Amino acid sequence: MHRTMTLGGALWINLANTVMMRDGKRTDGLEDPRFAVEWLMSNGLLTEAPEDKHAAGRMLAAVLPALMRLRDLCAGAISDLKRNGRLSDRTCADIAEVLRGLEIEARMERRDGGFRLVHEGRSPADRASHAVIQSIVDTLASHSPDRIRKCEHPSCILHFVDTSKSGRRRWCSMELCGNRQKAAEYYARQKKKSGG
């Protein structure tokens with residue numbers, strides 16, 4: 001699994017993070033069919049891998065256009081939260097428009113001796129869209145907007161939900177960016193001490 005697929009901590013942020021920096025260039029991970037299938041599986045939007053390349057191609061053709069539109073919406077939501085600490089009226093209208101276009105199925109399931117009502121889209125695209133919108137709502141209901149952050153590494157564009165107790169998480173991943181940044185800071189201090 002590619003390490004950036006789930007480090008955002010919420011499905012909608014993971015979707016925004018499918019645009020990433022690779023070798024100093026902005027890259028769209030969803031343009032790579034293998035990455036896209038793996039991302040869908042890693043994020044619970046696909047329960048089993050397609051049988052072959054043709055099945056994967058059909059499934060991606062059905063789902064990716066909706067995901068790419070949603071990704072733009074997610075990036076806009078992150079930008080709203082950073083700028084205003086809340087979703088803009090425009091982003092809320094965009095979410096409402098997505099919801100109006102979904103065909104949702106509701107059913108009751110038994111769980112833990114009780115019942116729960118489950119809502120999900122009828123088509124793969126509707127299921128993915130519903131799950132992403134639900135993730136936005138759940139994240140904003142359970143986390144303060146200031147806990148949704150951009151990685152502090154200067155060459156990283158990924159975001160995450162800071163769920164740490166202290167609220168001081170700085171990196172998308174300590175392994176990916178934190179260690180690199182700390183090493184760079186250490187070498188800069190050493191260079192300054194040596195007069196170089």
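Is R71 buried or exposed? R71 is buried, at 8% relative accessibility. Buried here means under 20% relative accessible area, exposed over 50%, and partly exposed in between, with a 1.4 Å probe and protein chains only.

A word on the basis. This is a predicted model, where local features need pLDDT of at least 70, side-chain atom pairs count only at pLDDT 80 or more, and totals for chains, interfaces and linings use all residues. Residues are numbered from 1 along each chain as its sequence is written, and side-chain values use heavy atoms, leaving out hydrogens and water.

Back to R71. R71 sits in helix α3. Helices are DSSP runs of H or I with at least four residues, strands are runs of E with at least two, and both are numbered from the N terminus. The R71 side chain makes two polar contacts: 2.9 Å to the side chain of T18, and 2.7 Å to the side chain of D28. A polar contact is a pair of N or O atoms within 3.5 Å; within protein, one must be able to donate a hydrogen and the other to accept it, and residues adjacent in sequence count only if both atoms are side-chain atoms. Leaving aside residues up to four places away in sequence, R71 touches L15, A16, T18, V19, D28 and L30. Contact means heavy atoms within 4.5 Å.

Now helix α3 itself. It covers residues 53-84, 32 residues. The expected span is 1.5 Å times one less than the number of residues. At the start of α3, a side-chain oxygen of D52 comes to within 3.0 Å of the backbone nitrogen of H54. Just after α3, G85 has a positive phi of about 75°.

Next, N14. N14 lies in helix α1, residues 11-16. N14 is buried, at 4%. Its C-alpha is 8.1 Å from that of H159, 145 residues apart along the chain. Among the residues N14 touches are W39 and N43.

Last, the cysteines. C74 is buried, at 0%.
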